[in-house]
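Hi,

Here's the structure I said I'd pass along. Have a look at it first, and then read on for what turned up.

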Amino acid sequence: MVGTRIAGAAGAVLGLILIARATTLAPKVIGTALVLSALLMMAVVPRALARRWRTPPEEGDLR
């Protein structure tokens, strides 16, 4: 889970660098899309992994 957060942060930083260094519109749009997708990944993927890796309930547990 930590790896996905680190990868998302690296993607967001790369997007910010693209936005800052861009002189035309296309790289700025790509950088913005990269930042937004990285932030979404940082918010959604760790929660989904935690849900998937959760310990299954015991046989007698009625949760």
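Before the helix pair, a word on terms: an axis here is a line fitted to C-alpha atoms, for helices over the stretch in contact, and angles between N-to-C directions run from 0 to 180 degrees. Also keep in mind that this is a predicted model.

Now the pair itself. Helix α1 covers residues 2-21 and helix α2 covers residues 25-52; they pack with axes 7 Å apart, at an angle of about 170 degrees. Anything over 145 counts as roughly antiparallel, so that is the label for α1 and α2. The crossing of α1 past α2 is left-handed. As for what sits in that contact, its residues split into 17 nonpolar, six polar and two charged.

From first C-alpha to last, its 28 residues reach 40 Å, close to the 40 Å expected at 1.5 Å a residue. Even so, α2 has a kink of about 30 degrees, centred on Met-41.

Which residues of α2 are buried? They are Gly-31, Val-35, Ala-38, Pro-46 and Leu-49.

Ala-50 counts as partly exposed because its relative accessibility is 35%. Ala-50 is 49 residues from Met-1 in sequence, yet their C-alpha atoms are 7.8 Å apart in space.

Cheers

Key
Residues are numbered from 1 along each chain as its sequence is written. This is a predicted model: local features need pLDDT of at least 70, side-chain atom pairs count only at pLDDT 80 or more; totals for chains, interfaces and linings use all residues. Side-chain values use heavy atoms; hydrogens and water are left out. Helices (H or I, at least four residues) and strands (E, at least two) are DSSP runs, numbered from the N terminus. Angles under 35 degrees count as roughly parallel, over 145 as roughly antiparallel, 65 to 115 as roughly perpendicular and the rest as oblique. A crossing is left-handed if the near helix is turned anticlockwise from the far one by less than a right angle, and right-handed if clockwise. Ala, Val, Leu, Ile, Met, Phe, Trp, Tyr, Cys and Pro count as nonpolar, Asp, Glu, Lys and Arg as charged, and the others, Gly among them, as polar. The expected span of a helix is 1.5 Å times one less than its number of residues. The bend at a residue is the angle between axes fitted to the seven residues ending there and the seven starting there. Buried means under 20% relative accessible area, exposed over 50%, partly exposed in between (1.4 Å probe, protein chains only).
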